[in-house]
Amino acid sequence: VQLVESGGGLVQPGRSLRLSCAASGFTFSSNSMRWYRQAPGKERELVATISSSGGSTSYADSVRGRFTISRDNPKNAVYLQMNSLKPEDTAVYFCNARLHPNNWGQGTQVTVAS
């Protein structure tokens with residue numbers, strides 16, 4: 001199982017970023033996928049989930065209405081579109097597969113600051 005996150009960076013509050021996660025080594029289309037984040041000194045937090053088909057999504061209250069999770073099964077990829085970013089969104093973001101909960105990538109750093 002390999003998960004490679006990308007797309008993070010330094011952005012000003014109110015701006016947008018799109019994160020990508022490239023998955024391999026497992027049957028991607030059979031797994032619901034999640035985005036987590038971990039801020040310094042805090043526990044890892046579930047941000048968004050998408051079903052295996054992409055037909056169902058859910059979000060943490062802190063990001064609902066600002067973030068959108070999506071997936072492309074033929075490309076084995078999951079995305080997180082983040083709009084109206086806030087300083088409290090600063091964290092390392094990770095993707096994760098439901099059937100492989102102990103496999104993590106290196107994450108991608110998102111820093112929201114003026």
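What share of the 114 residues in the protein chain is buried? Buried residues make up 40% of them. Please keep in mind throughout that this is a predicted model.

1. Overall make-up. The protein chain has 10 strands and zero helices. Read from the N terminus, the order of elements is therefore simply β-β-β-β-β-β-β-β-β-β.

2. Dimensions. The C-alpha trace spans about 40 × 25 × 20 Å along its principal axes. The radius of gyration of the protein chain is 13 Å, which agrees with the value near 13 Å that a compact globule of 114 residues would have. Of the contacts between residues at least 6 apart in sequence, 52% join residues at least 24 apart.

3. Surface and charge. The accessible surface of the protein chain comes to about 5,800 Å², and carbon and sulfur atoms account for 46% of that. There are 12 positive and 7 negative side chains, with the centres of the two sets 5 Å apart.

4. In soluble globular proteins, nonpolar side chains tend to be buried together. Here the largest nonpolar core holds 29 residues, and the members that touch the most others are Trp35, Val78, Leu80, Met82 and Tyr93. At least two residues of this core come from each of β3 (17–24), β4 (33–38), β5 (45–50), β7, β8, β9 and β10 (108–112).

5. Asn31, a polar residue worth a look. Asn31 is found in the loop between β3 and β4. Is Asn31 buried or exposed? Its relative accessible area is 2%, so Asn31 is buried. Beyond four places in sequence, Asn31 is in contact with Phe26, Ser52, Arg71, Ala97, Arg98, Leu99 and His100. Asn31 and His100 are 69 residues apart along the chain, yet their C-alpha atoms are separated by 8.6 Å.

6. Thr49 is found in strand β5. Why does Thr49 count as buried? Its relative accessibility is 18%, and buried means under 20%. Not counting residues up to four places away in sequence, Thr49 touches Met33, Arg34, Ser56, Thr57, Ser58 and Ile69.

7. Two backbone angles to check. Asn76 is not a glycine, yet Asn76 has a positive phi of about 55°. Asn76 is found in the loop between β7 (67–72) and β8 (77–82), and with 25% relative accessibility Asn76 counts as partly exposed. Ser84 also has a positive phi, of about 45°, although Ser84 is not a glycine. Where is Ser84 found? Ser84 is in the loop between β8 and β9 (91–97). Ser84 counts as partly exposed because its relative accessibility is 41%.

Note on methods: Residues are numbered from 1 along each chain as its sequence is written. This is a predicted model: local features need pLDDT of at least 70, side-chain atom pairs count only at pLDDT 80 or more; totals for chains, interfaces and linings use all residues. Side-chain values use heavy atoms; hydrogens and water are left out. Helices (H or I, at least four residues) and strands (E, at least two) are DSSP runs, numbered from the N terminus. Buried means under 20% relative accessible area, exposed over 50%, partly exposed in between (1.4 Å probe, protein chains only). A nonpolar core is a set of buried Ala, Val, Leu, Ile, Met, Phe, Trp, Tyr and Cys residues joined through side-chain atoms within 4.5 Å. The radius of gyration is taken over C-alpha atoms; the globule rule is 2.2 Å times the number of residues to the power 0.38. Contact means heavy atoms within 4.5 Å. Accessible areas come from the Shrake-Rupley method with a 1.4 Å probe; for residues, only the protein chains shown count as cover. Lys and Arg count as positive and Asp and Glu as negative; His and the chain ends are not counted. The place of a charge is taken as NZ of Lys, CZ of Arg, CG of Asp or CD of Glu.
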